Amino acid sequence: MGSKESLNILSTVALDSKRPLPLRREATRAIGGSQDGEDLVLNLLKENKLTGELKAAGVQSVSGAWRKTVRAEAAKYLDGGTANVQKHPPVTELAQMKGDAVKGKETFKMYCATCHQVNGEGADFGPKLSEIGSKLPKEAEYLAIYQPSAGISFGYEGWEVKFKDGSSVTGIVSSKTETDLIMKFPGGTTQEYKMSNVKSMKQLDESMMPAGLQDAMSTAELTGLVEYLSSLKK
């Protein structure tokens, strides 16, 4: 989800007071996940078009944004000025818990599919996770969610590119030659630039996967997600 047409449909559903609240809430949660979607959510929050449960759903929809400024700005609109942090048991306890893999797949689609693929489904941005259950035990999967910057896969490093016109972008370098640069962004979109317009390139220390993603989930969603990931094997 992320095309302008899709975003227009979602925002229309979210703002239609004649529709059931659960449907409006899910539509609001689905808006975030792409750069255009995140910007749309911020605009809706600024214009006070999202109220009550829809406001919380809007903030949650951008909780996975790779731009810290988006997450911080959105959190200001929740009562108290900060996002509600979900408390989870320690990772050692979480790893012993049996999650619901079926519901975990839905959680994956909501929070992870904008950047990761499983068996060809999802966006081609971060590492593919089709066989992650064969590669990492549950404890390591939890740690990868809690501390994404602790183990950035080769080729998926984030870069900040500044241009001579004063603009800048942040993403993954898909390809780079002496004359051309192709950047990939969350959602799997790519954009080509001319190196002659590039002023500087800086590799980021932090992962493009945002930290704190687990705080946007309930414990049931988190354990279900890891149960689902653990089931993905060769």
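**Strand 5 and its surroundings**

Modeller: Five bridges link strand 5 and strand 6, which pair in the antiparallel sense; two strands count as paired if DSSP finds at least two bridges between them. The model is a predicted one, in which local features need pLDDT of at least 70 and side-chain atom pairs count only at pLDDT 80 or more, while totals for chains, interfaces and linings use all residues. Residues are numbered from 1 along each chain as its sequence is written, and side-chain values use heavy atoms, with hydrogens and water left out. Strands (E, at least two residues) and helices (H or I, at least four) are DSSP runs numbered from the N terminus.

I172 finds its bridge partner in K184 of strand 5, and a hairpin of three residues connects strand 4 to strand 5. Four of the five residues of strand 5 are buried, so that the strand is mostly covered; buried means under 20% relative accessible area, exposed over 50%, and partly exposed in between, with a 1.4 Å probe and protein chains only.

These pairings belong to an open antiparallel sheet of five strands in the order 6-5-4-3-7. Strand 6 (190-194) and strand 7 (198-203) are the edge strands, each pairing on one side only. From one strand to the next, the twist averages 45°, where axes are lines fitted to C-alpha atoms (for helices, over the stretch in contact) and angles run from 0 to 180 degrees between N-to-C directions.

With 30% relative accessibility, I152 counts as partly exposed. Leaving aside neighbours within four places in sequence, I152 is in contact (heavy atoms within 4.5 Å) with E157, D205, E206 and S207. Its C-alpha atom is separated by 9.6 Å from that of P127, 25 residues apart along the chain.

Turning to the helices, the buried residues of helix 5 (residues 68-75) are V70, A74 and A75. Seen down the helix axis, they fall within an arc of 125° and so line one face of helix 5, the arc being that of the directions from the axis to the C-beta atoms. These buried residues pack against helix 3 (35-46) and helix 4 (53-61).

Helix 4 also packs with helix 2 (residues 21-31), at an angle of about 25° and with the axes 8 Å apart. The two helices are therefore roughly parallel to each other, a description given to angles under 35 degrees, whereas those over 145 count as roughly antiparallel, 65 to 115 as roughly perpendicular and the rest as oblique. Among the residues that meet are L21 and R24 of helix 2, and E53 and L54 of helix 4.
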